[in-house]
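Work through the exercises below with the model open beside the text, and try each task before reading its solution.

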Amino acid sequence: MGKNLEIFFGSFYRYKPYLIAAHEWKGIAGYYLALACLLCTVCCQIKYQILFTEVSNQVQNLSHNVPGISVKNGRLLLKSEAPLVIGAHGRKRPLLIIDTTADEMLTAESAPMVVRDQNISIYGFGDQDVTSVPKITLPLRNVLGNTELDLDPSEIAGLVSKICLGLSLAIFIVTFAFLFASSVLQALFWGGLAFLVRRSVTSTTAYLPLVRASALALTPSLVVRASTGLFGLDLPFVLDVLVLVIYFAYLYFAYHALFRSGLAANEVSVASVGDGL
C-alpha cells in the first residue's frame, strides 16, 4: 500500500514511478486505472449527493403539502394542475420542480432538478450553476423500473428518496464506466502511437511498458477532475482543455523517463536506473 501511494504521489514530479509502472506492473495497468477512476468518481459524486440529500430532506419536511402522485408504465402523473415547486431556505431558486404539464419553458433555468412525466433532468447544482440545457437526463423508467404506484402525500417522500437513490447510483455507474473506458482507451492509443514512432527508430521498443506509463500519466489529470468535482466547480470546456494539456505534459514526462533509461525496451531493471529525478 505504501509503495502504491509513493507511486501515486511520485507520478507528479519524479521519473522513477513511471519506470516502476513500465517494468514491474502487469498487463495494461487496468487495476490502477480502476482505482484512480473510482476515486475520481467518488469526488465528482459529492455534488450530486448534496443536491439529492437536500431534495429528499425538503420533500420530507413538506410532504403534508404535496399533492398525490401516481406512477404507471414509466410515466408520472401529478394530481394537481400546477407544477409542484419545492424550495429551500437561503436558495434563490427552487431545489426541485415536478412538472407533468410538458411545459419546457416553465421549467428551463428554474431549478437544478426537474422531474417531468417521463424523465428526470439535472440542470445544475447551485444558484449560479443552472443552465437552460440539462447536464444529465434519465428516463424515469430507468430509475423506477416498471413500478406502479398511487401515492398519497404521506408516501411522496419515500418515492422522492427512491428516485434520488436510483439517480445517484445511475450517475455513479455511468461516470465510473465512462472515466475507466476513456482512460483505458487513451492509454492504449497513446502508448500505441509512441510505440510506432519509437519503433521507427529502434526495433527493441516494447508496447506494454509504454501503455502502463501512459496509464500512470493519467493520474494528474484525474486528480484535477476529482478536485473540480469535490469543490463543485463546473468548467466544462476549460476543464476538458486543462485535463488534455496536463495529460500531454505528463505523457512527455513519462516517455522521456522510459526512453532515456532504456526501459521502453525492457533492456534494464528499475534498480539499475536508480532514483533519477
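**Exercise 1.** Find where pLDDT stays under 50, and state how many contacts beyond four places in sequence the model has there.

*Solution.* The stretch is residues 266-276, for which the model has 25 such contacts, where pLDDT is the predictor's confidence in each residue, from 0 to 100, and contact means heavy atoms within 4.5 Å. This is a predicted model, in which local features need pLDDT of at least 70 and side-chain atom pairs count only at pLDDT 80 or more, while totals for chains, interfaces and linings use all residues. Residues are numbered from 1 along each chain as its sequence is written, and side-chain values use heavy atoms, with hydrogens and water left out.

**Exercise 2.** Classify the aromatic pair formed by Trp25 and Tyr32, and decide whether each residue is buried or exposed.

*Solution.* Rings of Phe, Tyr and Trp (its six-membered ring) pair if their centres lie within 6.5 Å, and planes under 30 degrees apart count as stacked, over 60 as edge-to-face and the rest as tilted. For Trp25 and Tyr32 the centres are 5.0 Å apart and the planes are at 35°, so the pair is tilted. Buried means under 20% relative accessible area, exposed over 50%, and partly exposed in between (1.4 Å probe, protein chains only). Trp25, at 8%, is buried, and Tyr32, at 9%, is buried as well.

**Exercise 3.** Classify the ring pair of Phe189 and Trp190.

*Solution.* The ring centres of Phe189 and Trp190 lie 4.8 Å apart with planes at 80°, so this pair is edge-to-face. Trp190 has 23% relative accessibility and therefore counts as partly exposed.
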